[in-house]
Amino acid sequence: MNNPQRLGLLFFKTTLLSLLVAGTGIGILYRLALKAYQAELVAALDAPLQALAADPAVAIQTFKTQGTATPDPDAPEQFLIVGRQDGEAVSISLDQTNGDDGAEPPAVLTQAIAGESGTATDWSTISAYAPVPDQSGWGVVLQTQQREFSSSYLQVAMITIIVAILLNAIGTAIYWLINRASVRQLTRSEARHRTIVEHAPEGVITINEKAKIETFNPAAAAMFGYSEKQVIGQGIDSLMLAFADGEVEAALFGTAATAPPTTAQNSTQIQTVPAAALSPMTTTKRELMGQRQDGSIFPVELAVSRLTMGKTKRYLLMVRDISDRKQIEETLRKRNDELELRVEERTNQLTHLNEELLHEIAERNNAEETLQEMEKRFRTLFNQSEVGVLQTSATGQILSVNTRLLDLLDYTEAELQAQTFQDITYPDDLGVVVSQFRQLIAGDIPDLCVEQRYLCKDGGQVWVQVSGSVVRDLAGDVEYFLGVVEDISDRVSTQAALAASESTLSSFFNSTSMMMGVIEVVDDDIRHLSDNAVSSEFFRLSPVTMHNQTASAMGVPEDIRRYWIDHCLESDRQGSPVQFEYTYEPDYDTNNGVAVRWLAATVCSIPGQGKYSYMVEDVTEQRAQAEALRRANAQLESSTVQLNAHRREMDKLAELNDYLQASRSLSDAHDAIAELVGPLFPDCSGAVFLCNDAGNLLEALTTWGDHFNSEPIFAPEDSWAIRRNRTHWVDHEHPRLLSKHIHREPLPAECLSIPMIAQDSLQGMLYLTSPQAGVLTDGKRSFAQTVAEQLAASLANVKLGSNLKIDRVHDALTGLFNRRYLEEALEREIYSAARQQRTIGLILLDIDHFRQFNNTFGHEAGDVVLRSLGGFLSRTLHNNDIAGRYGGEEMVVILPNAAFDDIRSRAQQLLDGVKQLHCEHANQHLDPITVSIGVAIFPENGMTWQSLCQSAEMAVSRAKVEGRDRICMIDGDTPR
């Protein structure tokens, strides 16, 4: 096929494709426009239907005179057909299409009269039809001529065909111009490549997929001895021995299909490519055996490339004669074999020498392993020893220490290795230690053993016993000193403590005020073996005289000796000290003139010696002091009873004070007073009166006792204490001074009234009374004064705290909660509702035209309206509802755990109730007010209090836009 034919075919294909694409696009656009126009016809049919539904006759007459209005003058003209059912036939009342009078009515009109509606399209018309509402048997059809609607699309189609043909013609011409230059370039490139192949220094052969030779350059002819004419069209197996059998690719690329080369072929692969990996430009190298025309065989190296041109395969073979290289390789192989033989001989010699060396190394390794094992055992003993181990040089430089010594001195190993043993030796012990160490180094003594003190890291001292010796080398020189360091701090401390104890005991034995000593029982008598100075003084004998002296010789009565012997034997049986007391009358005058002495003795058996230690104390004065103490205790016991009673009273008062301090409201404080004041005065009757808010009455908060004789409610003028503003005390001797609120029958013996005043304000009164005199003592009256003062101060603080709390969370104008409290309450309710999976309603009320109301009646009138609205919301609240002022003229009502219907109902009640409010200001009736209400529900309208408030504000804004005085709720994100 020549170039003109190719150009014609290309022009035909592109033109056909362009027309197909354009026709499809225009068809789709036509279908979409037709559907849109049918929808317009249906919409345009609505006006005639309404007119015919009202009065068919009038409508038909109007259509005949005025025609059918077409919204767009450029749009296709529309025609109206009206008909009705007349018996079995269809009567056409109006036909704007100017059809024949006797023609059959359109099928779509029949469908409309039958009650159907829709659109229809045929080859000539586009119709919309529908029955006339409220007029049985009437139908209407609105038509447009198909040619008017489709004419514009046919014009577009013709223009598109013409443009497509012109564009394809221009494109084909441009392609022909470009292609002509490319063909010329390809011809020149082919000539250059042919020149390169003919002058290539290596043989170039191309074969087809049947292994037939197609190209054979001069270099290949010179290599194989054939001319180009002799081999063109011949098989490649005439030149290459590897092509005797197998496929072409298997033979060329060495794939699995290639049969193993025989010895005669001598085929050697340099690079093998798997058949599955062959690409259109796969290239590989192989070494084969070539055969010249004279029959000689020589090695060649092939660089094989596969060239794919369409479905045809070609193979390019770059052939190189490698006979010289093979000869050099053979020479090199022979020399390599000779070298390997020499190397093997030398290797045998080295192996023999190596075996001897390995034997010597093995013996040395065994000696080193033995030494390492000994070193390992030494290190194990060195590190795990329970005593410290120290290794130093001949000069005392510390070389190594074990863990025990590090723990003892609290040093690290690096810190100790930076010092000498002289550095850590206590200065007072350094002279003795250095002297012995020098003698050891000099060989004067075989080993070293010294008790000394080491200095710890923190500056403390530790007593140690250092024992060790030096290790010398073969020449007798000192290599290092190895010593064992044992902690003897406990032993030194024990010795010091023992010496101190002996000294202390000796001092105590001779300086104590008690008689002490050691005795033994001999022949129903007691012999003194050792006695202290107090014993000698008691018996008026010297210690030397008392030594080994018996009690009978010292003048001790027999009954006392027997008493001592019995208790000594009792100590033997019990194995513990025995205490006893007895009286002794010396045969000499005492200093204080007391003849009989009370003595308290303790004897204890000394195990294994048959001896007893004793201690005797003169307790005569203690006895006298004990008697005096007994009498004092009796007096103290009486005072203690009174003190305990007062302490109990103060404890109860402290408990009352704690409750009052913890009270958060007057109700809490009143409950605490009612429960805890009465028990403070159990021996009398009484009451706590509180002053009302107006200050004109005192009312009993709590009363107690069987003889309460007062009015529960009275005026302040009826009490002397309130009138005098001071404590009022009356007993039975002054009955006329009783206050008016106190009953005279029976007449009380004692009455105490204490006004409770704090912060210059009367809080109430504490009243106590008793039918018996002497109950209200001075101490009781003082305690009552304290209680009254405490009650007054606590009540004033609670009132102040309540007022502050109210001021903090309430709006001063409306009395409702303020915005801060509302936000906290709403956040708290949302947290609780989220956990319990319940709903919360939020109603936001905004007074309509409130700014205009303020401008008309003034801000004071606006405040009246806000107070009235606040009072109305407070009156309509349910148990758990929360109402507050959200800001300005906006009020909020929170409805916890409310269903949707309840929230809607409550909002409607508030909307209606606000209209009924009547407000007056300055003797003038104010105009009624209305509110716009926005409702939001948790969790539908928000998961946080901020989002819930924003939803309610959106609803209020929507209510105002829609005309105010209404409720707007949030449905998802859209107000309704």
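At its relative accessibility, does D429 count as buried or exposed? Please then describe the surroundings of this residue and go on to other contacts.

Reply: D429 counts as buried, at 10% relative accessibility. Buried means under 20% relative accessible area, exposed means over 50%, and partly exposed lies in between, with a 1.4 Å probe and protein chains only. The model is predicted, and local features need pLDDT of at least 70, side-chain atom pairs count only at pLDDT 80 or more, and totals for chains, interfaces and linings use all residues. Residues are numbered from 1 along each chain as its sequence is written, and side-chain values use heavy atoms, with hydrogens and water left out.

The structure contains 30 salt bridges, a salt bridge being a side-chain nitrogen of Lys or Arg within 4 Å of a carboxyl oxygen of Asp or Glu. D429 takes part in one of them, with the side chain of R453, at 3.0 Å from N to O. The two residues are 24 apart and link distant parts of the chain, D429 belonging to helix 12 (residues 427–442) and R453 to strand 14 (residues 448–455). Such elements are DSSP runs numbered from the N terminus: helices (H or I) have at least four residues, strands (E) at least two. R453 also counts as buried, at 16% relative accessibility.

E451 pairs with R491, and their closest N and O atoms are 2.2 Å apart. E451 is in strand 14 and R491 is in helix 13 (residues 489–511), so this pair ties together parts that are 40 residues apart in sequence. Here E451 is partly exposed at 42% relative accessibility, and R491 is likewise partly exposed, with a relative accessible area of 36%. Another salt bridge joins E829 to R838, with 3.6 Å between the closest N and O atoms, and both E829 and R838 are buried. Some salt bridges share partners, and in this way E202, E287, E301, R320, R325, K326 and E329 are joined into one network.

Aromatic rings provide another kind of contact. A pair of aromatic rings is described by the distance of the centres and the angle of the planes. A search of the whole structure finds 20 aromatic pairs. One of them, W564 with Y614, is edge-to-face, with 5.9 Å from centre to centre and 80° between the planes. W564 is in helix 16 (residues 558–574) and Y614 in strand 22 (residues 611–618), so parts that are 50 residues apart in sequence are tied together. Both of these residues, W564 and Y614, are buried. The rings of F689 and F714 have centres 4.9 Å apart and planes at 70°, so this pair is edge-to-face. For such pairs, the rings of Phe, Tyr and Trp (its six-membered ring) must have centres within 6.5 Å, and planes under 30 degrees apart count as stacked, over 60 as edge-to-face and the rest as tilted. Both F689 and F714 are buried. W564 and Y614 also belong to one aromatic cluster together with Y563, F580 and Y582.

A charge can also sit over a ring, if NZ of Lys or CZ of Arg is within 6 Å of the ring centre and within 35 degrees of the ring normal. R292 lies over the face of F298, at 3.9 Å from the ring centre, and R623 lies over the face of W598, also at 3.9 Å.

Four cavities of 30 Å³ or more are found in the whole structure. A cavity is a set of points, on a 1 Å grid over the protein atoms alone, where a 1.4 Å probe fits but cannot get out, and its lining residues have an atom within 4 Å of a point. Grid points are joined across faces, edges and corners, and a volume is the space filled by probe spheres set on the points. The largest cavity holds about 210 Å³ of space. Its lining has 16 residues, and H528, F539, V556, W564 and Y582 are those nearest its centre. Two or more lining residues come from each of strand 17 (515–521), strand 18 (526–531), helix 14 (533–539), helix 16, strand 20 (578–584) and strand 22. Helix 16, the helix of W564, gives the largest share of this lining, with three residues.

How values were computed. On a 1 Å grid over the protein atoms alone, a cavity is a set of points where a 1.4 Å probe fits but cannot get out, and a pocket is an open set with protein on both sides within 12 Å along at least five of seven lines; lining residues have an atom within 4 Å of a point.
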